[in-house]
Amino acid sequence: MKKRILAIFGALIMTVGIVAIMAIGASAATAIPAEGTAFEQDTVYEMYDIVQIDEDFTIESELWIDPASSDSYRGGIIVSDYMNYVDETAGRVPLKRMALEMYKGGKLRFWTDDCGEYIFDLDFRTVITETEFVKIAVAVNVFKSDETYVDANGKTVYADITLYVNGENVQTLYITDETCVPGWFTLDSPLWIGGDQRIVDGEYNSEYFEGKIKNVTMYSDIRTADEIKTSAESEAYTVDTTDTALLVAYDMTGESFTTDISANGNNLKFVSRYGESFLDKEGRYYVEKPLTETPRTYEAVVYVPTSGLENGRGGVIMGNYYQDADKVEHKCLNFEIYNNGAPLLYIVDDAGRVKASFESEASDARREGWVHVVIVDDGSYYHCYIDGVLTESLAHKDVTSTKLESYDFDIANVQSENTLSIGRDIRQKQIFKGKIRHIAYYSEPLTAEEVKESYENGVDTSNEDLILYYDMNDGDVKNVIKDTSGNNYHASLGAGYYEREEKVKDYAYSFAVVGDTQRQVWADFKTANDDVVGNETNYTENIYKWIVENKDEKNIQWVFGLGDITENNGIQNGSNLMEWDIAKAAITQMDAAGINYSIILGNHDFRGGTTANFNNYFASPDDDFYTKRITGYYEEGRINNYYINFEVSGVKYMVLCLEYGPNNKILNWASEIVEAHPERRVIVTTHAYMYVDGTTVDKDDATPPNKSGVTNSDTDRNNGDMMWEKFVSQHRNILFVLSGHETCSDVIMRQDRGINGNMVSQFLVDPQGASQETDGMVCMFYFSEDGREVSVEWISTGKTLAAQAENPDADDVLYKAINQFDYVVYDNYNNFVYSSEMVEEESDETKTIYRIYYTNGTYSEFVINHGKDGADGKDGADGKDGTNGKDGASVTVTEVKKTGTDGLVDTYTITFSDGTTTSFTVTNGADGKDGVDGKDGVDGEDGKDGADGKDGENGKDGANGKDATVVTPDENEEAEPKGFFEILAEFFRNLFAGLFGFGKEE
């Protein structure tokens, strides 16, 4: 159940710990610390959720302020929920809340509406240097009725507030107002960091924090003096995430500063209370589905700066304009602010083009504040209204550049190529240069009276003609802009769902990859525990439901899970294991369907330091489906690290499942397993390996397993870059690495060659950055029969199931064009043809024929010819006859055997009858040519006549067979089955030991 602080001071409710570093704007001579998060007038962050607090609170902070700041200077809000409204036409009244801030004179102020302000005397400018950070803690202690006491002035003290600086108690302020305790005030809006929601003199967030915040920690109890001192003395930011009093913890020194590392998941979200700015957004807000009705009225409330647009465009409010590299305009429907503040409607379809631009002075949308802009198409005219007043009308015939008449255009036609985008066009150009407060489209033209009514009282969401309505004034547009018309045209940041014109059809089988499901499981867990009937969700179940339903149609042969199955491992849910119950029920839908799958550990799956839940739920030895298929374990019976051998379409695969940041011992085991199975195409699944920028995870990335990047012992975890160097790159049969962990809006792929020249395809699949819980993203890999070619699609299972509920024949809903691509798994280096033992096919006194057979049924053949005997030596002419020359030795081959392999190169050893050996290698690939026959040995020469008959000379060795020629296949051609062998240059050296010998004279 979503909880919010409703009574933070009903008994002085909480202990909040904030560690904040502030670098206040200084003169050019003042050095500002680089660490921490800086804030601007339009940059504040709100907590998603805040748990209910009952008593007391503490605020820890680490500050930096400019020693040169003046007495009248306010450093700004650290934490506050203060807001006011000056828009009386909307019926709003000022609202008062609380604030913790750096006040005038460098002093710290804690302020509440009901109980006034509490200002500490310490001037922080006197205790810091220009670049020094100071750690503070503010502890609010509410007394029980029997703990109150009377001070020296006769006033009863009900609570106190204590300030600590660098761990030392500096000052205590006493609360003597009985009406403040309990119930000082109530918070009906979330706390913000770095600013508040007020408007002062037309400026938004006028008290934004003009420094930096390094980290923020909040507790629900009083921190002891020792705890505060220990925290202050620690150089690193460390928190005990198992502390039940810990509410939030933000490390604001890196890119992931909005992530709450406590168990409560109270992440920060960027907010702009008064409209949404799009200039600082890296991605686009795409409308998640095409409109089904053609708009006749276009309405928006925008802020357009009065300066800087004299000759420039204000930008796109909503549209899908696209111009390709050849300057060809694509079909579009754009509502925007054109040059000099002119409202513009721009339509392009097959029939022509409309450009209705309202450029009169009265239609200028540039204002020192918000402006209400409406364009109405009544079938004959376009009418422009500014703040409820008609300013200009244009006849269709006067604005249509070709035959297209606006009321004839088909909304499906102008949306067929690109989905609508908010705040910019498809080219990432014409970004809206101001702010947008709301957008509304209607299917019928509004009358002048209806336009005025909408301006004065806001959009009537009960209007039956309302197509969509985006209210961007609620501060909840970090990842999604909700359509509150009831038609669910929500717009997701970075999203863009579309139907692919050419579906993947020509494939033999497919694999499915499921990234982190922690958000789905956590959402299902929370709705199951909020006790609201009908509010339950089944996001996790739907992911695997879609897989089961598509098993046969897509021939899904394997499903790879990438970890972070759960959000909190049950440990931080009060030992409530419902998260695992939800995950187990969802995943094991595949058991009954007979779908093979593998799962791994993510870091969230051993929160609390235990993997017991993961193993208890999925590693049961009695499991008739999952564990029965496991081939081998790193630790018997535990599925932290294991592997499964399987075969699809005649292709032998292995999935090697490794835990989050596997250590050296695990990687050594994994190497042994891969080496023992050279015939297997290995798919490595591990939780943290790839980063969002397409590199392997290293120590400098946001959340690496090993922050030092050093493994001083075999138990230290390895990052992605370390895994590549130590393990992945070392084996020629590793084809894939699949990983999650790093939140990303797209499927990220990179390919690198290992040390053996093989190509390794590496993927990041973590849909948390791309979608909402309802989307249930699954990445599909479609394989050719030989497993060589693959097509990739990223499918929203949630949106697909919803679409098919309305139309059973609806196609899959795909996510963004850049996530649909084809690639080749392996090239000529990854041929997977291996040689077996050499076979002696034929042999006689003169030759021996050998064949090397390969795993694809082909073979290579070569012949070894034996040298002939040397002739007898002749008698000497004079003197005694010389002894006959000895016969040349006849040395034969006794054995040829494969004696070694590294998976790519096989070594063979030839043993001769005289005990000598020689060796040669066979490099797996295309067949080597036959070796040339060895030449016959030459006869020994006759012994010469003479007193002493000389020994006949030895017959010369038969020449070595020439080396097999290495054939290098053309990289653009498909590799033939290969088998290279090289007979070494000295192959027949000493083939015959002493071919001839002649007798000596007596």
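Trainee: In this predicted model, how many residues of strand β46 (residues 777-783) are buried?
Mentor: A residue counts as buried when its relative accessible area is under 20%. In this predicted model, Met777, Cys779, Phe781 and Phe783 point one way from β46, while Val778, Met780 and Tyr782 point the other way, and all are buried. Strand β46 is accordingly described as mostly covered, and the number of its residues that are buried is seven of seven.

Trainee: Which residue of β46 is the bridge partner of Phe511?
Mentor: Strand β36 (residues 509-514) runs antiparallel to β46, and five bridges join the two strands. Within β46, the bridge partner of Phe511 is Phe781.

Trainee: Which residue in β47 stands opposite Phe781?
Mentor: β46 also pairs in the antiparallel sense with strand β47 (residues 789-796), here over seven bridges. In that pairing, the residue of β47 that stands opposite Phe781 is Val792.

Trainee: Which residue in the turn between β46 and β47 has a positive phi?
Mentor: The two strands β46 and β47 form a hairpin, with five residues between them. In the turn, a positive phi of about 75° belongs to Gly787.

Trainee: Which strands stand at the edges of the open sheet of six strands?
Mentor: The order in this sheet is β12-β11-β8-β3-β17-β18, with antiparallel pairing. Each edge strand has a single partner strand, so one side of each is left without a neighbour in the sheet; these strands are β12 (168-175) and β18 (246-251).

Trainee: By what angle are neighbouring strands of this open sheet turned against each other on average?
Mentor: The sheet in question is the open one with the order β12-β11-β8-β3-β17-β18. With direction ignored, its neighbouring strands are turned against each other by an average of 10°.

Trainee: Which residue of β18 is the bridge partner of Thr217?
Mentor: β17 and β18 pair in the antiparallel sense over five bridges. On its other pairing, β17 (residues 215-219) is joined to β3 (residues 57-63) in the antiparallel sense over two bridges, where the bridge partner of Ile59 is Met218. In β18, the bridge partner of Thr217 is Ala249.

Trainee: Are α6 and α12 roughly parallel or roughly perpendicular to each other?
Mentor: Two packed helices are described by the angle between their axes and the distance between the axes. The axes of α6 (residues 539-549) and α12 (residues 797-806) come within 9 Å and cross at roughly 65°. Since angles of 65 to 115 degrees count as such, the two helices are therefore roughly perpendicular.

Trainee: Which residues of α12 make the contact with α6?
Mentor: α6 passes α12 in a left-handed crossing. From α6, the contact involves Asn542, Ile543, Lys545, Trp546 and Glu549, and from α12 it involves Thr797, Thr800 and Leu801.

Trainee: How do the residues of the contact of α6 with α12 divide?
Mentor: The residues concerned include Trp546 of α6 and Leu801 of α12. By class, they divide into three nonpolar, three polar and two charged.

Note on methods:
Residues numbered from 1 in each chain as written. Predicted model: local features only at pLDDT ≥ 70, side-chain atom pairs only at ≥ 80, totals over all residues. Heavy atoms only, no water. Axes fitted to C-alpha atoms, helices over the stretch in contact; angles between N-to-C directions. Helix = DSSP H or I, 4+ residues; strand = E, 2+ residues; numbered from the N terminus. Parallel < 35°, antiparallel > 145°, perpendicular 65-115°, else oblique. Left-handed = near helix turned anticlockwise from the far one by under 90°. Contact = heavy atoms within 4.5 Å. Nonpolar A, V, L, I, M, F, W, Y, C, P; charged D, E, K, R; others polar. Pairing = 2+ DSSP bridges. Buried < 20%, exposed > 50% of the residue type's maximum accessible area, 1.4 Å probe, protein only.
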